[in-house]
Amino acid sequence: MVYYLFIQRRLYYLLYKAQTHEYIRKIDIFHKNFPMSERLQAKIDEILDASWKNINGQLIFYICCCAAIISNYFFMALFQNIYHTWKETPNYEFVLPFPSVYPSWKDKGMSFPYYHIQMFLGTCSCYISGMCAVSFDGVFIVLSVHGVGLVKVLNMLIENSTSADVPKERRVEYLRYCIYQYQRISDYTDELRKIYKHISLTQFLLSLLVWGIVLFQMSVGLESDLMTLVRMIMYISAAGYEIVLYCYNGQRLTSECEKIPYAFFSCDWFNESKEFQELTRMMILRSNRSFFMEISWFTTMTLPTLMAMIKTSGSYFLLLRNVAE
């Protein structure tokens, strides 16, 4: 959350550019009176509409996962307090969402200021933890999926560089505009990678620890407490999906970037002018570098990393299980 405060301006600029489709509006092809501009615009609209639908689905699912576990703690305490107040239970002390956070204050009861401090911090923690998780991870969903859409648009433009709709005498000019767009998208993805490079390590380590503990608690709750089992399932859906969205969207962006040199190669460059061929060769070499969303200097946001995380969490679960036995 502290890191979020320092980079909010950089994230705001990227979000603003994504929301307003600034990188699409800057495509020079649409400002130079190419005859197939309307057809290209229709294809771009389809790609971006699919991207925003995907963003919407991921955000709704993640918000529901976070809201479920937070609401469980809050409303369970609320309904329990309402029930005992209605029943007029003698000597009843109101419970808080997270009573175990302050074990040394347990014997203080509802005396001032101990209970009031716990109530304030507990209420704030419910709100802040959920909003911070949804906002920070939600921004990554928007920016990464939008980045996937931008790369898809670029590949589509490149593949159309030698189509019959592009006048032969203007194909070099068209290809240059594709190269300019490639540089803009490269700057966008590099900025996104730098923002999440180091802070994502904390996210992954915490989620790794949470997965192991939650799996252990689920095995215990399955035998003794059904409510604990339900809460742990909610935890695993929220904390688990947090890592899934990083690895899945990071893998999608990496896979789409790997298609750029193939897009240059797949056009009929061998039938074009020498200048066109030279530009194509240059861009194949330039775009052939590997792009990864990095987790500090240790690993990358890819599906193999996700599988390794699941295996490591399973090892922690077995370790805790053996220690408990």
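The protein chain holds ten helices and two strands. The model is predicted. Along the sequence, the elements follow the pattern α-α-α-α-α-α-α-α-α-β-β-α. The chain has 325 residues, and buried residues make up 44% of them. Contacts between residues at least 6 apart in sequence were also examined; 79% of these join residues at least 24 apart.

The UniProt record, an unreviewed entry, carries the annotation "transmembrane region" for residues 59-79, 201-220, 232-249 and 291-310. Two of these stretches can be described from the model. Residues 59-79 are 100% helix and 0% strand. The end C-alpha atoms of this stretch are 28 Å apart. Residues 291-310 are 40% helix and 20% strand. Here the end C-alpha atoms are 24 Å apart.

The largest nonpolar core contains 71 residues. Within this core, Ile29, Leu157, Tyr174 and Tyr196 touch the most other members. Helix α4, residues 114-159, gives the most to the core, with 16 residues. The neighbours of leucine 157 were then listed, not counting residues up to four places away in sequence. Leucine 157 touches Ile27, Ile29, Leu40, Tyr174 and Cys178. Two of these partners, Ile29 and Tyr174, are themselves named among the residues that touch the most other core members.

Helix α5 spans residues 171-196, and helix α9 spans residues 274-287. The two helices pack at an angle of about 15 degrees, and their axes are 10 Å apart. Angles under 35 degrees count as roughly parallel, so α5 is roughly parallel to α9. The crossing of the two helices is left-handed. On the α5 side, the contact is made by Arg171, Val172, Leu175, Arg176, Ile179, Tyr182 and Gln183. On the α9 side, the residues are Glu275, Phe276, Leu279, Thr280, Met282, Met283, Arg286 and Ser287.

Arginine 289 lies in the loop between α9 and β1, which covers residues 294-295. Its relative accessibility is 46%. Leaving out residues up to four places away in sequence, arginine 289 touches Tyr182, Ser186 and Asp190. Tyr182 is also one of the α5 residues that make the contact with α9. The C-alpha atoms of arginine 289 and cysteine 257 are separated by 9.2 Å, although these residues are 32 apart along the chain.

Helix α7 covers residues 226-257 and includes leucine 253. Leucine 253 has a relative accessible area of 0%. Buried means under 20%, so leucine 253 is buried. Beyond its neighbours within four places in sequence, leucine 253 is in contact with Ser144, Gly147, Val148, Val151, Thr189, Leu192, Phe291 and Met293. Phenylalanine 291 is 38 residues from leucine 253 along the chain, yet their C-alpha atoms are separated by 8.4 Å.

Tyrosine 241 is also in helix α7. At 15% relative accessibility, tyrosine 241 counts as buried. Tyrosine 241 touches Gln58, Phe61, Tyr62 and Ile236, again not counting residues up to four places away in sequence. Tyrosine 241 and phenylalanine 61 are 180 residues apart in sequence. In space they are 9.1 Å apart, C-alpha to C-alpha.

Serine 51 is found in helix α3, which covers residues 37-87. Serine 51 has a relative accessible area of 9% and is buried. Apart from its neighbours within four places in sequence, serine 51 is in contact with Val145 and Gly149.

Histidine 21 lies in the loop between α1, residues 2-19, and α2, residues 22-25. Phi of histidine 21 is near 55 degrees, a positive value in a residue other than glycine. With a relative accessible area of 22%, histidine 21 is partly exposed. Glutamate 22 is in helix α2. Glutamate 22 has a relative accessible area of 15% and is buried. The cut-off for buried is under 20%, which means that glutamate 22 at 15% qualifies as buried. Not counting residues up to four places away in sequence, glutamate 22 touches Tyr16 and Lys17.

Note on methods
Residues numbered from 1 in each chain as written. Predicted model: local features only at pLDDT ≥ 70, side-chain atom pairs only at ≥ 80, totals over all residues. Heavy atoms only, no water. Helix = DSSP H or I, 4+ residues; strand = E, 2+ residues; numbered from the N terminus. Buried < 20%, exposed > 50% of the residue type's maximum accessible area, 1.4 Å probe, protein only. UniProt positions renumbered as here; feature names shortened; annotations may be inferred. Core = buried A, V, L, I, M, F, W, Y, C linked by side-chain atoms within 4.5 Å. Contact = heavy atoms within 4.5 Å. Axes fitted to C-alpha atoms, helices over the stretch in contact; angles between N-to-C directions. Parallel < 35°, antiparallel > 145°, perpendicular 65-115°, else oblique. Left-handed = near helix turned anticlockwise from the far one by under 90°.
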